[in-house]
Amino acid sequence: MFTLKSLPYAYNALAPHISEQTMRLHHDKHHQTYVDNLNKLTEGTSLAAMSLVDVIKVSAGQANKAGIFNNAGQVYNHDFFWDCLRPADQVMAIPAALLEKINHDFGSLEQMMVEFKTIALSQFGSGWAWLVLAGESLQIIKTANADTAFLHDVNPLFTLDVWEHSYYLDYQNRRGDFIDAVLNNLVNWDFVANQAGL
Ligand SMILES: [Fe+2]
């Protein structure tokens, strides 16, 4: 039985950059539906007792398990996404070791954000943009629909949901404004550094 993970902050904690209305719909409707669908699709099968990560691994690339993969991937990606964000009023400096790594691999924090925005804007349709560790190097990648970074032999550090349900109420078609607002105000840098082992 898979369960909906609670948000690590209040529904209105990300406002004004992401509204309470968006968060209630996104978490309580979209995320919940992925959990419900995954439970329905795995009920009575050996997958029901597996970890979410294992369900994703065994269903990836299997045409007869596409529904399971899509819902498991979306549950995992949303669980991870919520942890990547911090309340809007929480002041947080980037840990020095992480900033040093970003400066080394991208030239500057600003350049990293430019590259992240470019990749996130270039995801055609639904998907996710990621900051990852590929070997020893920081990289920005994107995945389509429910695909998830760890299937691509990288260690995910941060993700941004660029499905329209993530931003349309607040930003309509202005995905770029949504990306800017999150990168500049809501990134949980302590979580990112921890994921990177820094
Ligand atoms: Fe989403």
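This is a predicted model: local features need pLDDT of at least 70, side-chain atom pairs count only at pLDDT 80 or more; totals for chains, interfaces and linings use all residues.
What is the geometry of the site of the iron ion, given the angles among its 4 donor atoms?

View 1. The site is tetrahedral, with angles of 91 to 131° among the 4 donor atoms. The protein donors are NE2 of H26, NE2 of H78, OD of D161 and NE2 of H165, at 1.8 to 2.1 Å from the iron ion. Along the chain, these donors follow the spacing H-x51-H-x82-D-x3-H.

View 2. Helix 3 has 19 residues, which at 1.5 Å a residue should span 27 Å. The C-alpha atoms at its ends are 27 Å apart, in agreement with that expectation. Helix 3 is largely enclosed by the rest of the structure, because 15 of its 19 residues are buried.

**View 3. Packing of helix 2 and helix 3.** The description of two packed helices rests on the angle between their axes and the distance between the axes. For helix 2 (residues 52-59) and helix 3, the packing angle is about 140° and the axes are 9 Å apart. Angles over 145 degrees would count as roughly antiparallel; helix 2 and helix 3 are therefore oblique to each other. The crossing in which helix 2 passes helix 3 is left-handed.

How values were computed. Residues are numbered from 1 along each chain as its sequence is written. Side-chain values use heavy atoms; hydrogens and water are left out. Donors are N, O and S atoms within 2.8 Å of the metal (3.2 Å for Na, K and Ca); water is not among the atoms, so sites may look incomplete. Four donors count as tetrahedral if all angles lie between 85 and 135 degrees; four count as square planar and six as octahedral if opposite donors are over 155 degrees apart and all others between 65 and 115; anything else is irregular. Helices (H or I, at least four residues) and strands (E, at least two) are DSSP runs, numbered from the N terminus. The expected span of a helix is 1.5 Å times one less than its number of residues. Buried means under 20% relative accessible area, exposed over 50%, partly exposed in between (1.4 Å probe, protein chains only). Axes are lines fitted to C-alpha atoms, for helices over the stretch in contact, and angles run from 0 to 180 degrees between N-to-C directions. Angles under 35 degrees count as roughly parallel, over 145 as roughly antiparallel, 65 to 115 as roughly perpendicular and the rest as oblique. A crossing is left-handed if the near helix is turned anticlockwise from the far one by less than a right angle, and right-handed if clockwise.
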